[in-house]
Amino acid sequence: MWMQRCDWAGPEKIYLDYHDTDWGVPEYDSRALWEKLILDGFQAGLSWITILKKRENFREAFAGFDPNVIATWGEAEVERLLANPGIIRHRGKIEAAITNARVWQEIEKKEGFDRYLWKYVGFEPLQNRFERQSDVPAWTPLSKQISADLKKRGFKFCGPTIVYAFMEAVGMVNDHLTCCPRHQAVAQRPKHDWDAG
């Protein structure tokens, strides 16, 4: 069935499926949030479709994106990953993922990585109503603040643009265009029960 999707979606099926089922759906799992932020960091300088096509390779190479496992890694694992043609072989980004796993552990232990991030939007998605793709910002003052706060804690590869792309992807903001059926579908999702975890 044809629908008027957001301009960036397509034409490849993997991209359309990602738009139709994943992008913008609120994510509340701490580990899954961390995975998406790491993948957005790997995207820096590249297109998201490049990462999307390699996502399963990344998951296999990075132990299912379990930050508690990755936090224990060192040079041997970095070298192993640099030899893996199925992922983005960038030493700085690989080393950042290991550092970011350790930062995740600190935040998770203190307050929960999910709560840490979602408190910035008052624990519920911000509902934007953009009509054209050109109206959607690359970053916002809020993404700049979150980026600065993450960096202060030691996070790497998390600039304001990366953070905003992350916020869109995990549904902290609903940036589906108003002409896209997914805008209303995402907006109508039931609120998360934070007390239930």
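This is a predicted model: local features need pLDDT of at least 70, side-chain atom pairs count only at pLDDT 80 or more; totals for chains, interfaces and linings use all residues.
Rolling a probe the size of a water molecule over the atoms shows where empty space is left. The largest pocket has a volume of about 430 Å³. Its lining consists of 20 residues, and those nearest the centre of the pocket are W23, Q43, W48, A165 and E168. Three helices, α1 (13-21), α2 (30-43) and α9 (160-169), each contribute at least two residues to this lining. The greatest contribution to the lining of the largest pocket is that of α9, with 6 residues. Sorted by class, the lining of the largest pocket comprises 13 nonpolar, 3 polar and 4 charged residues.

The second largest pocket contains about 200 Å³ of space. It is lined by 13 residues, with D22, E27, A32, K36 and R55 nearest its centre. Two or more lining residues come from each of α2 and α3 (48-61). In the second largest pocket the largest share of the lining belongs to α2, which supplies 5 residues. The lining of this second pocket has 6 nonpolar and 7 charged residues, and no polar ones.

The structure holds 1 cavity of 30 Å³ or more. The space in the largest cavity amounts to about 50 Å³. Its lining is formed by L37, I38, G41, F42, K93, A96, A97, N100, F155, K156 and F157. Of the secondary-structure elements, α2 and α6 (91-110) give two or more residues to the lining of this cavity. By class, the residues lining the largest cavity are 7 nonpolar, 2 polar and 2 charged.

Two packed helices are described by the angle between their axes and the distance between the axes.

The axes of α2 and α9 lie 9 Å apart, and the two helices pack at an angle of about 135°. The crossing of α2 past α9 is right-handed. On the α2 side the contact is made by L33, K36, L37, D40 and G41, and on the α9 side by I162, A165, F166 and A169. The residues of the contact between α2 and α9 comprise 6 nonpolar, 1 polar and 2 charged. A165 of α9 takes part in this contact and is also one of the residues nearest the centre of the largest pocket. L37 and G41 of α2 belong to the contact with α9 and line the largest cavity as well.

For α2 and α3 the packing angle is about 130° and the axes are 10 Å apart. This angle makes α2 oblique to α3. The two helices cross in a right-handed sense. From α2, residues E35, K36, L39, D40, F42 and Q43 meet W48, I51, R55, F58 and R59 of α3. The contact of α2 with α3 contains 5 nonpolar, 1 polar and 5 charged residues. Q43 and W48, found on the two sides of this contact, are among the residues nearest the centre of the largest pocket. K36 and R55, also on the two sides of the contact of α2 with α3, are among those nearest the centre of the second largest pocket. K36 and D40 of α2 meet α3 and also take part in the contact with α9.

Key. Residues are numbered from 1 along each chain as its sequence is written. Side-chain values use heavy atoms; hydrogens and water are left out. On a 1 Å grid over the protein atoms alone, a cavity is a set of points where a 1.4 Å probe fits but cannot get out, and a pocket is an open set with protein on both sides within 12 Å along at least five of seven lines; lining residues have an atom within 4 Å of a point. Grid points are joined across faces, edges and corners, and a volume is the space filled by probe spheres set on the points. Helices (H or I, at least four residues) and strands (E, at least two) are DSSP runs, numbered from the N terminus. Ala, Val, Leu, Ile, Met, Phe, Trp, Tyr, Cys and Pro count as nonpolar, Asp, Glu, Lys and Arg as charged, and the others, Gly among them, as polar. Axes are lines fitted to C-alpha atoms, for helices over the stretch in contact, and angles run from 0 to 180 degrees between N-to-C directions. A crossing is left-handed if the near helix is turned anticlockwise from the far one by less than a right angle, and right-handed if clockwise. Contact means heavy atoms within 4.5 Å. Angles under 35 degrees count as roughly parallel, over 145 as roughly antiparallel, 65 to 115 as roughly perpendicular and the rest as oblique.
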